[in-house]
Amino acid sequence: MLVVQIALPLPLPRLFDYLLPPDVPQLVPGARTQVSFGNRTMIGIAVNILENSKLPLTQLKKIEKVIDDQSLFSPVLWHILHWAANYYHFPIGEVLSHALPVLLRQGKPTRINTMRKWIISDAGRKVTMESLKYAPKQQKALATILKQPLYYNQISKHNITHATLKSLRTKGLCDLYEEASTIIDWRNNFKIKGKRLDLNKDQEFAVQAINKERNSYVAWLLAGITGSGKTEVYLRVLEKILACGKQALVLVPEISLTPQTIKYFRERFKAPIDILHSSLKNSERLSVWLRARNGESAIVIGTRSAIFTPLTRLGAIIIDEEHDTSYKQQEGWRYQARDLAVFRAHQENIPIILGSATPALETLHNVYNGKYRQLSLIKRIGNAKPTLHKTINIKGQQLKSGLAPILLKKIKQHLQNDNQVLIFLNRRGFSPALICHECGWVAECKLCDSYYTLHQYNHQLRCHHCNSKQTIPNQCFNCKSTHIIPVGVGTEQLEQYLHILFPNISISRIDRDNIKSQCTLEKYFLNIHRGGAHILIGTQMLAKGHHFPNVTLVSLLNVDNALFSADFRTTERFAQLYIQVAGRTGRAGKQGEVLLQTYHPEHPLLKKLMHFGYFSFAKQALLERQLVQLPPWTNHAIFHAEDIDNCQAETFLTQLRSMLEINPNKDKKTWLMGPIPSLTPKKNGRWRWQLLIQHPSRQHLQLLIKCSLLFIYTLPITRKIKWLIDIDPIES
Ligand code: ADP
Ligand code: ZN
Ligand code: ZN
């Protein structure tokens with residue numbers, strides 16, 4: 001009997017040996033099997049098929065069932081996933097399972113979507129309508145399917161229920177028929193539709209450069225300022241790719257924020273486009289997976305995890321807003337989809353386009369060291385006037401609900417000219433703290449040791465770390481005073497205040513409290529576009545993707561903490577956010593103005609950013625990181641550990657550090673920092689600690705992590721805590 005090494009979705013970095021009974025069909029690596037593990041039945045993926053096992057064969061269980069007769073993974077994806085499991089030190093079983101749609105993880109068949117339809121049986125054809133006169137519903141249903149078969153999802157249109165049809169089936173009068181849907185080849189009918197824009201010089205140059213090398217791997221950075229027409233470049237490049245019958249994969253940060261981009265794709269190509277969004281049912285997800293694999297979809301658009309979509313004739317990958325942090329998974333398997341995408345493009349030997357107005361410093365570093373090639377779009381479409389950037393020094397100023405008098409004056413001016421004004425404030429709720437005026441007590445979430453945010457509209461205190469809620473206290477918990485006051489400004493308060501100041505102006509507040517669904521968001525955006533709202537207040541949600549042609553003033557409040565954070569990446573995030581928010585203004589040939597309220601107008605990075613733009617800022621920031629040897633000049637991995645008693649997690653990391661200190665692989669270039677409390681030291685009742693390992697060589701860092709993991713699995717304390725490893729972390 002052969003031995004099969006199977007990857008099971010378990011948090012253990014190993015494969016499990018099973019026997020392949022001679023009577024089961026042939027098994028190939030990449031196919032699913034059903035096995036028993038402990039007292040459970042699990043679905044695992046065959047990885048190696050061997051003649052023998054290191055374990056005595058008598059100890060091995062037999063495979064219960066072979067589910068697939070072929071691999072579920074293309075050779076390239078198979079290679080990438082194995083590489084990734086090794087690189088991110090995440091169990092291969094979990095990695096392979098993660099890359100599959102949920103229904104496949106559960107062992108469901110990879111059948112091509114069948115269409116189910118109700119059809120009339122021979123008996124049904126012969127029976128008289130008269131015989132069903134006491135069952136009028138059945139009579140009607142029979143009459144309908146006598147005329148034509150009814151597809152499963154269409155019956156409600158005819159006012160017929162499945163129950164009625166099932167009753168007919170019991171009488172042998174009809175049947176449910178499964179029709180294998182035929183694979184539709186879009187290539188014969190592929191066309192370019194809609195209005196093709198005349199490219200400007202920069203766009204033309206970019207499209208030609210990419211097209212010229214569209215048959216092999218090149219990583220292109222399309223660095224185009226907001227409104228410079230990146231989407232048109234994507235569309236033109238894809239025209240050629242699709243015309244050759246190849247498919248494309250497009251990654252976006254968040255589907256709900258990119259309806260415009262999707263619309264452009266749909267309008268341009270007469271070819272099937274599949275969208276992988278979070279509200280898809282599991283069956284729909286499987287269907288997209290199958291369509292992609294069969295070559296039936298021309299383009300698949302999705303977020304981070306869409307990188308695992310098995311497109312058979314993949315011809316290009318596009319990553320829009322490549323700097324966006326959502327491409328990094330922050331739970332469980334912490335992969336960076338952008339890096340995996342570049343690796344995939346390389347393995348598939350196809351071009352990849354990373355588009356952004358504010359590329360990640362890692363990406364720019366790769367441009368400067370020759371790994372990626374940059375194309376730039378430096379002009380805004382149809383708008384010659386560059387935006388004006390100014391700071392408002394708020395030192396010693398009387399702010400009203402967070403607004404300086406001079407800013408208020410500006411807002412009035414822009415509104416009087418019938419323009420729209422956008423105010424960015426990255427803080428939901430009414431106030432970020434509730435404080436006792438007598439004794440200074442602050443309402444705090446016990447689970448997270450952090451301040452509660454006051455949400456006046458819901459009469460609640462909410463913790464933005466763990467989402468716990470509480471009613472607003474009438475009295476101070478400490479001194480019983482009833483004089484408790486909100487401190488600081490959130491979007492809810494800002495909205496209230498502006499309503500009082502401008503009673504006749506319509507205001508849209510775009511944040512997670514106000515906008516709960518994609519549908520509401522679209523309604524709000526439509527209303528803004530129609531000029532329904534003149535003041536737009538918003539958090540991050542308003543900063544991404546959307547263009548507002550009539551916004552002429554953008555102001556940013558309360559962003560100073562970004563300049564002085566303990567996390568060295570915060571300035572980069574701030575610069576990206578600033579440019580993205582600023583990019584919402586001045587699109588329709590109108591002069592745009594950006595005002596930044598700050599206590600630190602002299603901050604050097606801020607000045608660089610405002611006067612010389614993102615790329616000067618980025619060069620400076622990269623230089624600074626080089627001086628102190630921080631990523632991307634070196635490599636980081638962080639071990640995170642957490643516990644509920646604030647003792648074991650730190651001890652665990654201390655033991656890990658002690659081992660590393662005496663490990664022969666630790667050399668002069670190895671730098672260890674920690675254990676230290678995480679930036680959010682307590683969350684949801686758990687204390688969080690971390691240990692950082694830095695090394696300029698990726699290989700060497702990998703070696704140190706391998707040693708660490710071997711050690712961790714032998715430590716008794718490991719079982720008492722929760723731990724994980726984050727390779728190339730994007731936050732501390
Ligand atoms: P971004 O670079 O910010 O993604 P978009 O691709 O959204 O910019 O383009 C901004 C606007 O300019 C869109 O309305 C788009 O239709 C328009 N546009 C892009 N290219 C051209 C062009 N060559 N001629 C005219 N309009 C264009
Ligand atoms: Zn008090
Ligand atoms: Zn909390």
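Guide: A polar contact is a pair of N or O atoms within 3.5 Å. The structure discussed here is a predicted model.

Visitor: How far from a polar backbone atom of glycine 227 is an oxygen atom of ligand 1?

Guide: Glycine 227 is listed with Asp198, Gln203, Thr231 and His547 as the residues that come nearest to ligand 1, out of 17 around it. Glutamine 203 places a polar side-chain atom 2.8 Å from a nitrogen atom of the ligand. For glycine 227, a polar backbone atom is involved, and its distance from an oxygen atom of ligand 1 is 2.6 Å.

Visitor: What share of the area that ligand 1 exposes when taken alone does the protein bury?

Guide: Taken alone, ligand 1 exposes 560 Å². The shell around the ligand has 5 nonpolar, 8 polar and 4 charged residues. Of the ligand's area, the protein buries 76%.

Visitor: Which helix gives the largest share of the shell around ligand 1?

Guide: The largest share amounts to 3 residues. The helix that supplies them spans residues 230-243 and is α8.

Visitor: Which element contributes the largest share of the lining of the second largest pocket?

Guide: This pocket has a volume of about 960 Å³. Among its 33 lining residues, Tyr87, Asp339, Asn366, Arg698 and Asp728 are the closest to its centre. At least two lining residues come from each of α1 (75-87), α11 (337-348), α12 (361-368), β31 (635-643) and α21 (698-712). The largest share, 5 residues, comes from α11.

Visitor: How many charged residues are in the lining of the largest cavity?

Guide: The largest cavity holds about 100 Å³ of space. Its lining includes His323, Asp324, Arg338, Glu362 and Arg569. By class, the lining has 3 nonpolar and 3 polar residues, and the number of charged residues is 6.

Visitor: Is asparagine 159 buried or exposed?

Guide: Asparagine 159 lies in the loop between β7 (150-151) and α6 (162-170). A residue counts as exposed when its relative accessible area is over 50%. Because its relative accessibility is 65%, asparagine 159 counts as exposed.

Key: Residues numbered from 1 in each chain as written. Chains lettered and ligands numbered in written order. Predicted model: local features only at pLDDT ≥ 70, side-chain atom pairs only at ≥ 80, totals over all residues. Heavy atoms only, no water. Helix = DSSP H or I, 4+ residues; strand = E, 2+ residues; numbered from the N terminus. Buried < 20%, exposed > 50% of the residue type's maximum accessible area, 1.4 Å probe, protein only. Near = heavy atom within 4 Å. Polar contact = N/O pair within 3.5 Å; in protein donor to acceptor, adjacent residues only side chain to side chain. Areas by Shrake-Rupley, 256 points an atom, 1.4 Å probe, with all protein chains shown as cover. Nonpolar A, V, L, I, M, F, W, Y, C, P; charged D, E, K, R; others polar. 1 Å grid on protein atoms, 1.4 Å probe; cavity = no way out; pocket = protein on both sides within 12 Å on 5 of 7 lines; lining within 4 Å. Points joined across faces, edges and corners; volume = space filled by probe spheres on them.
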